[in-house]
Amino acid sequence: MRTADAVRIADIYAGCLAEVAGGTADGGDAIERDLEALSSVMAQEPQFRAFLVSPYFSESVKQDMIRRVFAASLDPITLNFLLAVVAHRREAVLDQMIEKYRQLCQERHGRQAVRATVARPLSDEQRAGLAGNLSEALK
């Protein structure tokens with residue numbers, strides 16, 4: 001799949017998920033936590049990622065595995081999203097979907113990523129002070 005196609009697909013799926021998540025009681029925070037956990041599992045367990053993207057396993061086998069592993073721990077919206085990704089054979093773009101959803105959540109909460117370059121390591125107190133100053137400056 002071409003990169004431009006993957007980005008477009010990720011944008012569409014993440015946008016749809018964000019729209020549904022925005023209507024939940026917590027504004028999608030549980031879904032954001034679920035996707036972070038899912039991202040961690042895929043990073044720590046390369047076999048799981050390989051299973052998801054493998055053409056050798058059918059949609060039903062993948063969905064059954066996802067239900068067995070995640071049904072008790074994921075929000076139903078997150079679980080249904082993951083099952084839909086598999087049903088539409090978009091597993092290879094899941095990382096990009098999660099990243100785009102993160103970006104949408106950051107925007108929704110008014111958060112901005114900031115990178116500070118310093119000459120030497122900061123103490124915890126200095127780090128907290130810098131974070132506070134940046135937070136005030138970016139309001």
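A pocket here is an open set of points on a 1 Å grid over the protein atoms alone, with protein on both sides within 12 Å along at least five of seven lines; lining residues have an atom within 4 Å of a point. Its volume is the space filled by probe spheres set on the points, which are joined across faces, edges and corners.

The model is predicted, so local features need pLDDT of at least 70 and side-chain atom pairs count only at pLDDT 80 or more, while totals for chains, interfaces and linings use all residues. Residues are numbered from 1 along each chain as its sequence is written, and side-chain values use heavy atoms, with hydrogens and water left out.

**Overall build**

The protein chain has seven helices and zero strands; helices (H or I, at least four residues) and strands (E, at least two) are DSSP runs, numbered from the N terminus. Along the principal axes, the C-alpha atoms fill a box of roughly 50 × 35 × 35 Å. Of the 139 residues, 29% are buried, where buried means under 20% relative accessible area, exposed over 50%, and partly exposed in between (1.4 Å probe, protein chains only).

**The second largest pocket**

The second largest pocket has a volume of about 190 Å³. Its lining counts 14 residues, and Ser54, Pro55, Lys62, Arg89 and Glu91 lie nearest the centre. Helices H3 and H4 each supply at least two residues of this lining. By type, the lining divides into seven nonpolar, two polar and five charged residues. In this division, Ala, Val, Leu, Ile, Met, Phe, Trp, Tyr, Cys and Pro count as nonpolar, Asp, Glu, Lys and Arg as charged, and the others, Gly among them, as polar.

**Salt bridges**

Side chains of opposite charge can pair when their charged atoms come close. The structure holds eight salt bridges, each a side-chain nitrogen of Lys or Arg within 4 Å of a carboxyl oxygen of Asp or Glu. Three of them are listed here.

| Pair | N to O distance |
|---|---|
| Asp95 and Arg49 | 2.3 Å |
| Glu91 and Lys62 | 3.0 Å |
| Arg102 and Glu99 | 2.6 Å |

The salt bridge between Glu91 and Lys62 joins a residue in the loop between helix H5 (76-87) and H6 to one in helix H4, so the pair ties together parts that are 29 residues apart in sequence. Both Glu91 and Lys62 are buried, and both are among the lining residues nearest the centre of the second largest pocket.

Asp95 and Arg49 also form a salt bridge. This pair links distant parts of the chain, with Asp95 in helix H6 (residues 94-108) and Arg49 in helix H3, 46 residues apart. Asp95 is partly exposed at 31% relative accessible area, and Arg49 is partly exposed at 29%.

Arg102 and Glu99 are separated by about one helical turn because they are three residues apart in helix H6. Arg102 is partly exposed at 22% relative accessibility, as is Glu99 at 33%. Together with Glu36, these two residues are linked in a network of salt bridges.

**A nonpolar surface patch**

Tyr56, Phe57 and Val61 make a nonpolar surface patch of about 360 Å². Patches are made of residues with over 30% relative accessible area and no salt bridge, with nonpolar side chains (Val, Leu, Ile, Met, Phe, Trp, Tyr) joined within 5 Å and like charges within 9 Å. Accessible areas come from the Shrake-Rupley method with a 1.4 Å probe, and for residues only the protein chains shown count as cover. Tyr56 is found in the loop between helix H3 (46-53) and helix H4 (59-70). Tyr56 counts as exposed because its relative accessibility is 76%.

Note on methods: 1 Å grid on protein atoms, 1.4 Å probe; cavity = no way out; pocket = protein on both sides within 12 Å on 5 of 7 lines; lining within 4 Å.
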